[in-house]
Amino acid sequence: MILMALALVYGGAVAYSRVFLGVHSYDQIIFGSALGIWLALTLHYIFRRDTLQHLDRVLNLTDKDYSKYTLNGLALLGLTLATLIANYYLFDGKIDKAWTSRIE
């Protein structure tokens with residue numbers, strides 16, 4: 001329930017910021033919100049059983065190979081994030097000014 005409330009607050013804050021910054025109009029915000037809610041509910045009802053079975057297998061360690069593959073995937077994700085962070089700190093400020101001038 002708390003996660004649902006946080007998701008709604010985050011979605012509302014993003015929608016408000018889009019209107020506040022003038023990036024989108026109200027009809028675009030309403031359409032995007034309706035599309036997001038429809039997609040979330042559809043995917044929830046399609047994948048709920050499979051997701052709960054996955055969590056049950058991982059948390060209860062009923063399938064050792066399955067848990068091993070899940071932990072390997074998490075390790076790969078951690079390595080990827082570490083690489084991105086290292087890339088940010090190693091090459092920060094060494095980007096050609098022609099590229100950054102187009103952003104502003």
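This is a predicted model: local features need pLDDT of at least 70, side-chain atom pairs count only at pLDDT 80 or more; totals for chains, interfaces and linings use all residues.

Student: Okay, and how are the rings of Y16 and F20 arranged, what's the distance between their centres?

Tutor: A search of the whole structure finds one aromatic pair. It's the one formed by Y16 and F20: the ring centres are 5.9 Å apart and the planes sit at 20 degrees, so the pair counts as stacked. The cut-off for stacked is under 30 degrees.

Student: Are Y16 and F20 buried or exposed?

Tutor: Exposed, both Y16 and F20.

Student: Switching topic: which residues make up the nonpolar patch on the surface?

Tutor: The patch is formed by F31, L35, W38, L39, L43, I46 and F47. Together they have about 740 Å² of accessible area.

Student: Take F47 from that list. Where is F47 found?

Tutor: F47 is in helix 2, which covers residues 26-60.

Student: And why does F47 count as partly exposed?

Tutor: Because its relative accessibility is 43%, and partly exposed is the class between under 20% for buried and over 50% for exposed.

Student: How far apart are the C-alpha atoms of F47 and L35?

Tutor: They are separated by 18 Å, with F47 and L35 being 12 residues apart along the chain.

Student: Now charges. How many salt bridges does a search of the whole structure find?

Tutor: One. The partners are R49 and D50, and their closest N and O atoms are 3.9 Å apart. The cut-off is within 4 Å.

Student: What about accessibility, starting with R49?

Tutor: R49 is exposed, at 59% relative accessible area. D50 has 38% relative accessibility, so D50 counts as partly exposed.

Student: Which elements give two or more residues to the lining of the largest pocket?

Tutor: Helix 1 and helix 2.

Conventions
Residues are numbered from 1 along each chain as its sequence is written. Side-chain values use heavy atoms; hydrogens and water are left out. Patches are made of residues with over 30% relative accessible area and no salt bridge: like charges are joined within 9 Å, nonpolar side chains (Val, Leu, Ile, Met, Phe, Trp, Tyr) within 5 Å. Accessible areas come from the Shrake-Rupley method with a 1.4 Å probe; for residues, only the protein chains shown count as cover. A salt bridge is a side-chain nitrogen of Lys or Arg within 4 Å of a carboxyl oxygen of Asp or Glu. Helices (H or I, at least four residues) and strands (E, at least two) are DSSP runs, numbered from the N terminus. Buried means under 20% relative accessible area, exposed over 50%, partly exposed in between (1.4 Å probe, protein chains only). Rings of Phe, Tyr and Trp (its six-membered ring) pair if their centres lie within 6.5 Å; planes under 30 degrees apart count as stacked, over 60 as edge-to-face and the rest as tilted.
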